[in-house]
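Please read the following briefing alongside the sequence and the three-dimensional structure. It is arranged by topic, with the cut-offs given where each term comes up.

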Amino acid sequence: MGIKLYYTTVTASREVKSQQSEIIRFLEGKSIPFELIDISVGGAVREEMRNKAGNPAAAPPQLFNEDQYCGDYSMFSEALEGNTVEQFLKLA
């Protein structure tokens with residue numbers, strides 16, 4: 001599939017919900033196919049995300065291109081501001 005977005009459907013944080021929504025809106029708006037992976041379904045999925053990110057404390061949202069780590073929301077936001085999202089997502 002390409003782009004994978006690790007996110008959560010179970011959070012009380014408005015900030016996390018907002019960040020996830022912004023990434024999804026961007027990907028849909030640019031017609032970039034992506035897969036949503038919900039870490040709230042179990043600890044194994046959360047650990048998979050953290051292992052792939054190389055950070056034992058990584059929290060959603062986290063972006064990958066297949067199994068290649070792209071970054072978290074702050075890195076996505078920086079790429080958005082710098083108009084370098086395709087490079088960030090390893091699409092270019």
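The notes below cover the basis of the model, its helices and cores, its aromatic rings and its backbone.

This is a predicted model, in which local features need pLDDT of at least 70 and side-chain atom pairs count only at pLDDT 80 or more, whereas totals for chains, interfaces and linings use all residues. Residues are numbered from 1 along each chain as its sequence is written, and side-chain values use heavy atoms, with hydrogens and water left out. Helices (H or I, at least four residues) and strands (E, at least two) are DSSP runs, numbered from the N terminus. Buried stands for under 20% relative accessible area, exposed for over 50% and partly exposed for what lies in between, with a 1.4 Å probe and protein chains only.

- The buried residues of α2 are Val 45, Met 49, Arg 50 and Ala 53, and seen down the helix axis they fall within an arc of 135°, so they line one face of α2; the arc is that of the directions from the helix axis to the C-beta atoms.
- An α-helix has 3.6 residues a turn, so residues three or four places apart point the same way.
- The buried residues of α2 pack against β1 (3-7), β2, β3 and β4 (68-72), where contact means heavy atoms within 4.5 Å.
- On the face of α2 turned away from the buried side are the exposed residues Ala 44 and Asn 51, and just after the helix Gly 54 takes a positive phi of about 70°.

**Gln 62 in strand β3**

- Gln 62 lies in strand β3 and counts as buried because its relative accessible area is 3%.
- The side chain of Gln 62 makes a polar contact with the side chain of Tyr 69, at 2.6 Å; such a contact is a pair of N or O atoms within 3.5 Å, where within protein one must be able to donate a hydrogen and the other to accept it, and residues adjacent in sequence count only if both atoms are side-chain atoms.
- Leaving out residues up to four places away in sequence, Gln 62 touches Lys 4, Leu 5, Tyr 6, Met 49, Ala 53, Tyr 69, Gly 71 and Asp 72.

**Nonpolar cores**

- A nonpolar core is a set of buried Ala, Val, Leu, Ile, Met, Phe, Trp, Tyr and Cys residues joined through side-chain atoms within 4.5 Å.
- The largest nonpolar core has 17 residues, of which Ile 3, Ile 23, Leu 27, Leu 63, Phe 76, Phe 88 and Leu 89 touch the most other members.
- At least two residues of this core come from each of β1, α1, α3 (73-81) and α4, and the largest share, 4 residues, is supplied by α1.
- Apart from this core lies another, of 8 residues, among them Tyr 6, Ile 37, Val 45 and Phe 64.

**Aromatic rings**

- Rings of Phe, Tyr and Trp (its six-membered ring) pair if their centres lie within 6.5 Å, and planes under 30 degrees apart count as stacked, over 60 as edge-to-face and the rest as tilted.
- By this rule the count comes to 5 aromatic pairs; the rings of Tyr 73 and Phe 76 have their centres 6.3 Å apart and their planes at 45°, so this pair is tilted.
- Tyr 73 and Phe 76 both lie in helix α3, 3 residues apart, or about one turn of the helix, and both are buried, Tyr 73 with a relative accessible area of 15% and Phe 76 with 0%.
- Ring pairs link Phe 26, Tyr 73, Phe 76 and Phe 88 into a cluster.
- The charged end of Lys 52 sits over the ring of Phe 64, 6.0 Å from its centre, under a rule that asks for NZ of Lys or CZ of Arg within 6 Å of the ring centre and within 35 degrees of the ring normal.

**Backbone features**

- A cis peptide bond, with omega about 0°, joins Pro 60 and Pro 61, and Pro 61 is placed in the loop between α2 (43-53) and β3 (62-65).
- Ser 31, in the loop between α1 (14-29) and β2 (34-38), has a positive phi near 55° although it is a residue other than glycine, and Ser 31 is exposed, with a relative accessible area of 63%.
- Lys 90, in the segment after α4 (85-88), is also a residue other than glycine with a positive phi, near 60°, and Lys 90 counts as partly exposed at 34% relative accessibility.
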